[in-house]
Amino acid sequence: CSFANVLYPVESESRELRTLHGLWNFKISPPSDQSIGFDNKWYSVRFETLGDYWKMPVPSSYNDVTVNSTIRDYVGWSWYQYEFYVPKRWSDDQLNVFVRFGSVHFKSIVWLNGQLCVDHEGGHLPFIGDASRLLKYGEYNLIVVAVNNTLRPDTIPQAFTTFPNNSYKYPKGYRIYSHNFDYFDYSGINRAVQLYTTPKVYVCDITILTSFGNNSEGVVDYKVDICGKNESGCNITLLDANRNVVAQSNACSGQLIIPNAIPWWPFMSGKQYIAYLYTFQVKTDNENSDYYRMKIGIRTLQWTTKELLLNNEPVYLRGFGKHEDSIIRGRGYDDVLSSRDYYLIKWLGANSFRTSHYPYAEETLQQADEEGIMVIVEAAACSLSIFGPNLLKFHKRMMTENVNRDKNHPSVIMWSIANEPQNQLNSSISYFRELYQHVRLMDPSRPITFVNSQQIQNAKAIQYMDILTLNRYSGWYSDSGHLEIIQYQMYNELVAFTTQFEKPILITEYGAGSLSGLHSLPETMWSEDFHVTMLQENFKTFDSLIANNIPLLGEMIWNFADFKTPQEYIRPGLCVKGLFTRERQPKMAAYVVKERYNKFTSNS
Ligand code: GCB
């Protein structure tokens with residue numbers, strides 16, 4: 001299967017879809033014998049016959065489901081298996097049957113009925129295997145997935161395995177596995193597993209680019225890729241929200257013109273604008289037609305040295321960084337949690353978030369399209385500290401998969417190719433320049449950045465990015481407890497960055513940790529009171545920057561909700577910088593942010 005072949009699976013007249021969700025069998029290889037599953041062919045054996053296995057819900061991260069700390073902290077090969085029926089009618093030689101994984105963290109090998117189907121390396125992004133010839137139709141089938149969550153210096157994100165040579169402190173062969181990012185590296189089959197059929201000649205990719213003509217007509221430039229042996233034509237139909245046909249074409253690539261098009265607008269408190277979506281419908285023009293439908297929004301995006309413009313109007317981002325994180329499920333995608341998060345985002349009056357620090361589930365972006373929430377999609381490249389050709393190759397492949405997956409979402413307004421890399425290193429300069437060019441070639445329509453945390457004199461690679469970003473913890477990590485210095489520091493630094501690089505800047509992280517329910521007057525670090533004042537000091541800074549025409553594109557708080565971290569003595573098992581607790585209940589800070597974000601009356 002090619003990587004282009006990752007269109008979100010849908011049902012239609014020509015396609016059937018079923019999810020393989022439920023309780024799978026789960027085994028881990030003992031840390032001392034990582035090859036046991038391969039040696040003993042676990043990919044073709046029912047675990048019931050082997051014993052020593054768990055039941056594991058899919059989708060979910062395996063770490064927090066059981067009460068076993070070995071599973072929670074496991075790094076290595078784990079094995080999943082599931083049995084399912086497929087209907088006889090799918091054996092039709094006019095059909096393909098694909099198996100699709102929304103995300104498996106990190107490396108995976110998939111077998112169907114004991115035969116290799118597909119492998120993939122890289123979490124947070126989908127991959128597909130051709131199951132047609134491997135399935136037994138009208139019978140039981142066995143799917144086995146071997147998952148390895150070991151990260152390396154040449155993967156994104158990076159991690160490092162060492163065996164310390166210190167027999168006084170560590171026994172022989174003791175492994176230390178470490179990484180520089182602070183979130184818990186939830187692993188396993190984190191997103192949907194789906195089986196779906198298509199006709200042999202089928203729609204396998206769609207690329208959409210939208211604009212407006214001189215008379216405000218909507219312009220949709222499109223390209224449909226058809227896979228399968230025979231060439232086929234396309235019947236394209238664009239439907240409005242009431243399913244009325246507004247444009248049609250008989251070419252697989254071309255342009256649709258929509259008179260009086262309704263633009264896609266982000267959520268704006270107090271405005272009537274809506275995130276209007278059309279349905280782009282493809283029917284292949286051959287004997288056994290394939291039908292595929294996808295929602296699209298018509299909007300433009302531009303950036304200058306001062307502004308980010310959506311439909312020609314300046315946008316001011318008010319949002320936060322998030323994590324895919326919740327109790328028990330870990331990073332497992334969950335409609336319930338995702339819906340709750342969108343209700344909270346709306347309640348706050350926010351209009352945007354960053355998918356820190358990896359690409360989020362496709363369903364999350366679909367909801368952002370519907371709700372009018374702007375999204376900065378970030379690669380899983382958090383805290384890169386060593387740069388080399390193998391890492392660059394891996395990173396480029398991940399960006400290709402990511403852009404390909406998310407290129408058609410109106411909600412996606414920017415690519416963040418990394419978070420807090422060590423860009424003071426000279427080796428990062430050519431690295432980011434090349435990576436930027438790679439993404440730019442794939443997508444001419446969105447600004448590209450990486451999120452910078454270096455001081456201005458050390459921020460070497462950001463000159464190649466379209467937009468400046470800054471993570472700053474004045475009063476928290478620096479000058480801890482000194483709320484009085486925040487305005488001075490933040491103002492000066494933001495002015496310095498925008499002046500030196502002549503580009504607009506976005507605050508991508510600032511904030512403080514607070515333990516829900518802890519109060520202290522006057523404010524002390526970790527109290528909710530301190531959290532509130534810290535945010536307010538930053539708000540004052542942003543207001544004076546705006547008043548003085550410093551090109552500030554927006555403000556994003558770290559973080560939307562508390563999230564799990566590895567065990568360490570500076571945090572109580574969680575990063576508690578959330579506006580909401582991990583259970584998605586508001587802290588005091590959330591009310592202050594709600595007041596501010598809802599007050600914005602500008603177009604964004
Ligand atoms: C950062 C990182 C983020 C951390 C945050 C913190 O700069 O980008 O991943 O969670 O600081 O709270 O330490």
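**Figure 1. Two disulfides are counted in this predicted model.** Bonded cysteines, numbered along the protein chain, follow the pattern 1-2, 3-4. The following views take up each link in turn.

**Figure 2. Cys-204 and Cys-227 form a disulfide.** The S to S distance is 2.0 Å. The torsion about the S-S bond is about 75°, so the disulfide is right-handed. This pair links distant parts of the chain, with Cys-204 in strand β15 (residues 202-212) and Cys-227 in strand β16 (residues 218-227). The two cysteines are 23 residues apart. Cys-204 is buried, at 3% relative accessibility. Cys-227 is partly exposed, because its relative accessibility of 22% is not under the 20% that buried requires.

**Figure 3. A disulfide joins Cys-234 to Cys-252.** Here the S to S distance is 2.0 Å. The link is right-handed, with 95° about the S-S bond. Cys-234 belongs to strand β17 (residues 233-239). Cys-252 lies in the loop between β18 (245-249) and β19 (253-258). The pair is 18 residues apart and links distant parts of the chain. Cys-234 counts as buried at 1% relative accessibility. Cys-252, at 19%, also counts as buried, because the cut-off for buried is under 20%.

**Figure 4. Cys-382 is in no disulfide.** The nearest cysteine sulfur belongs to Cys-575 and is 11 Å away. A disulfide needs two cysteine sulfur atoms within 2.5 Å. Cys-382 is buried, with a relative accessible area of 4%. Another cysteine, Cys-117, is buried with a relative accessible area of 17%.

**Figure 5. Tyr-276 and Tyr-278 make an aromatic pair.** The structure holds 41 aromatic pairs. In this one, the ring centres are 5.0 Å apart and the planes stand at 65°, so the pair is edge-to-face. Tyr-276 is buried, with a relative accessible area of 11%. Tyr-278 is buried too, at 3% relative accessibility.

**Figure 6. Tyr-358 and Tyr-360 form a tilted pair.** Their ring centres lie 5.5 Å apart. The planes meet at 45°, so the pair is tilted. Both Tyr-358 and Tyr-360 are buried.

**Figure 7. Seven residues make up one aromatic cluster: Phe-38, Trp-42, Tyr-43, Phe-47, Trp-77, Trp-79 and Trp-111.** Lys-27 lies over the face of Trp-42. The distance from the ring centre is 4.9 Å.

**Figure 8. Lys-322 sits over the ring of Phe-353.** The charged end of Lys-322 is 5.6 Å from the ring centre.

**Figure 9. Strands β7 and β8 form a hairpin.** Strand β7 (residues 107-112) and strand β8 (residues 115-121) pair in the antiparallel sense. Six bridges hold the pairing. Leu-112 has Gln-115 in β8 as its bridge partner. Two residues lie between the strands. Asn-113 takes a positive phi near 50° in this hairpin.

**Figure 10. Three strands form an open sheet in the order β22-β23-β24.** The pairing is antiparallel. Strands β22 (301-303) and β24 (313-314) stand at the edges. Each edge strand has a single partner strand, so one side of each is left without a neighbour in the sheet. Three bridges join β22 to β23 (residues 308-310). Leu-301 stands opposite Leu-310 in β23.

Technical notes: Residues are numbered from 1 along each chain as its sequence is written. This is a predicted model: local features need pLDDT of at least 70, side-chain atom pairs count only at pLDDT 80 or more; totals for chains, interfaces and linings use all residues. Side-chain values use heavy atoms; hydrogens and water are left out. Rings of Phe, Tyr and Trp (its six-membered ring) pair if their centres lie within 6.5 Å; planes under 30 degrees apart count as stacked, over 60 as edge-to-face and the rest as tilted. Buried means under 20% relative accessible area, exposed over 50%, partly exposed in between (1.4 Å probe, protein chains only). A charge sits over a ring if NZ of Lys or CZ of Arg is within 6 Å of the ring centre and within 35 degrees of the ring normal. Two strands pair if DSSP finds at least two bridges between them. Helices (H or I, at least four residues) and strands (E, at least two) are DSSP runs, numbered from the N terminus.
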